[in-house]
2 protein chains.
Amino acid sequence: MILAIDVGGTKMAAGLVAPDGTVAESRRAATPQGADAETLWRVLAGLVSPLASAAEGVGVGCGGPLTWPAGEVSPLNIPGWRGFPLRARLAALFPSVPVRLHNDAVCLAVAEHWRGAGQGSGDMLGMVVSTGVGGGLILGGRLLHGRTGNAGHIGHVVVDAAGGPRCGCGGHGCLEAVARGPALVAWALEQGWEPGAVAGRAAARGAVARDVAMAGPVVPCGVGGGVAGGGAALNGAYAEDRVVTARQLAADARAGDPVASRAMRRAGRALGVAIASATHLCDLDVITIGGGLSQAGEPLFGPLEEALREHARMGFARRVKVLPAALGQEAGLIGAAALLLAGDTYWPARDA
Amino acid sequence: MILAIDVGGTKMAAGLVAPDGTVAESRRAATPQGADAETLWRVLAGLVSPLASAAEGVGVGCGGPLTWPAGEVSPLNIPGWRGFPLRARLAALFPSVPVRLHNDAVCLAVAEHWRGAGQGSGDMLGMVVSTGVGGGLILGGRLLHGRTGNAGHIGHVVVDAAGGPRCGCGGHGCLEAVARGPALVAWALEQGWEPGAVAGRAAARGAVARDVAMAGPVVPCGVGGGVAGGGAALNGAYAEDRVVTARQLAADARAGDPVASRAMRRAGRALGVAIASATHLCDLDVITIGGGLSQAGEPLFGPLEEALREHARMGFARRVKVLPAALGQEAGLIGAAALLLAGDTYWPARDA
């Protein structure tokens, strides 16, 4: 069994994953907010402890930025860890088995390729669209790591160089700056969206969830991108005790709210443009899309397909298919385990 | 010695390339215009014939679109070849040695990685900016072929989704549609550029070269892209007997012509944006830029660097370097030979 670990800003998960990718057992713990490095480490160590004896290897997915393959992590939404040597600490805890670590968005892409919607694809981009926009690239049937472990940063492909919003990465016009959940919500509110109005749920303003963005894995996108400013974007546009979510926005779009529909259309088209660019550059055949926003359905995927087909016109690019991610909450654990369970498909042959 | 062949719309070249990449001997012939498939083939066969006895392998770069690895070619600017089985015909002519073929833009990238400006880079995009905009990707130290042989199509990364010009590929807002030589010239003329006016060369209008675009390798960009419409773009904006070139445009920009400078700036920024996107997606460390327009100097490269640094802000992306291509006219031959001379670096280990 592989001990798989998924470290995020709101929760940590650990599980035992069988060689076929089945999650045999899993545990979760809230990520302590505002905790220092050692407190965070103790929570994680406590979480994995009951599973440790069965571990023949340890695979970890963690929010970025991080160094790879060294595995020093500085997750944007875990301020207590800055340059924390997570891979080395786990290696010390599990001295007799291999420990491997990658960006959590990369692990989700790996999971979809190994056991999800991308099975059998030779050239795939696995995306996650949620609080951030991230991804991982499988090329020629293998994970592309990149020399610094940062390949797959689809969230920072530029989709609107002229007029695009500023991005958490310091640039502007990135896909993530346009299409991440909090950006969509902020944009819609600016345009006069009244959450729940179309559905006749007048009380919706007070009733929506407190959590930022949508449910589903919260995936900051690697180095310097992602989540930073998410709360700010929301809070700046809407009273703090009435935080609204991209889930609400998607529901309103499906119910016919014109502003919510335009917001989803804006994100969908941006995704389609970025996917066309990635397809041309990397000769891709499959794109999988997971993360909370991927559950938005037609209001997002319709405009996405429209823009993709407008831009991907050459013969080789027309074959690309966009598929919803097939794995659910456990995808992060499955992908982390696959770093060890799939030979050198998702980890360099010369062990890094 | 490897027999290297470089097939373009205006000329065909063949040479003998030594294992160290030195071109020992080379020959050129004009590509017969308007010729049928067999006439074209006879010219090529005649060109290589004097070099044939020394050939221990045959490497070919050819304008796209083409099928890969089958090597059936339909170069945009060689209308007589449509689905012409160039690799098979050469294999029949050289039955005892391996014959390998790739897109000419890919061969130029390979050449720069093997013996040019990109030597030692693990993750490189080799670009050519000329009549078309094309490229090839070296990732993890090896050429990325893509399943259909079309990886590296940087010319069709979208840089202006909202308002970009239509592209020969059928899309719009592609880098190539903005930054290829003829598009630049057409744009400048529309904006009131008077070729040579700033330099005081009043006679320049009648004196400039007839050939489209700039000197240097004419590289259509793979499937469906590239050159188509180049003449049309020029001719629509300027009388046919007064065709002006991007070389002239670059000279005028260097001489301080404000419209020419804006045209170069437009192309340079588009290149910078596309390079930032590619860097984020593929974790690149080096970009090489060849082709005629790459000789435009500061008016192109200044705005390119400016836009790149604006958009590539994350730590890993800041390391990317943009370098002028180091090899000259023989780059195409050197790259074609490298398909055979560099082990499986530029050709699949399981021979395709």
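**Figure 1. Chain A at a glance: contacts that reach across the sequence.** Residues 24 or more positions apart account for 69% of the contacts in chain A that have a separation of 6 or more. This is a predicted model, and its chain A holds twelve helices and twelve strands. Of the 352 residues in chain A, 61% are buried.

**Figure 2. Two copies, one turn: how chain B relates to chain A.** Turn chain B by 180°, with a shift of 0.0 Å along the axis, and it can be laid on chain A with an RMSD of 0.0 Å. That's the relation of a two-fold axis. Both copies use the same surface, since 100% of the contact residues of chain B recur in chain A.

**Figure 3. A look into the largest nonpolar core.** This core has 122 residues, and the ones touching the most other members are A:Met127, A:Ile154, A:Leu175 and their chain B counterparts, B:Met127, B:Ile154 and B:Leu175.

**Figure 4. Helix H3 of chain B, tucked inside.** Residues 104–115 make up this helix, and its end C-alpha atoms are 16 Å apart, which agrees with the 16 Å that twelve residues should span at 1.5 Å a residue. Eleven of the twelve residues of H3(B) are buried, so the helix is largely enclosed by the rest of the structure. The buried ones include B:Asp104, B:Cys107, B:Glu112, B:His113 and B:Trp114.

**Figure 5. Helix H10 of chain A and what covers it.** Here are residues 298–311: 14 residues reaching 19 Å from first C-alpha to last, close to the 20 Å expected at 1.5 Å a residue. Among the buried residues of H10(A) are A:Pro299, A:Phe301, A:Leu304, A:Leu308 and A:His311. Their cover includes helix H8 (246–254), helix H9 (258–282), strand E11 (286–290) and strand E12 (321–324), from chain A.

**Figure 6. The largest pocket, lined from both chains.** About 1,300 Å³ of space lies in this pocket. Of the 40 residues lining it, the closest to the centre are A:Leu139, A:Arg142, B:Leu139, B:Gly140 and B:Arg142. Strand E10 (142–143) of chain A and strand E10 (142–143) of chain B are the elements that give two or more residues to the lining.

Terms used:
Residues numbered from 1 in each chain as written. Chains lettered and ligands numbered in written order. Predicted model: local features only at pLDDT ≥ 70, side-chain atom pairs only at ≥ 80, totals over all residues. Heavy atoms only, no water. Least-squares fit on C-alpha atoms with pLDDT ≥ 70 in both. Contact = heavy atoms within 4.5 Å. Helix = DSSP H or I, 4+ residues; strand = E, 2+ residues; numbered from the N terminus. Expected span 1.5 Å × (residues − 1). Buried < 20%, exposed > 50% of the residue type's maximum accessible area, 1.4 Å probe, protein only. Core = buried A, V, L, I, M, F, W, Y, C linked by side-chain atoms within 4.5 Å. 1 Å grid on protein atoms, 1.4 Å probe; cavity = no way out; pocket = protein on both sides within 12 Å on 5 of 7 lines; lining within 4 Å. Points joined across faces, edges and corners; volume = space filled by probe spheres on them.
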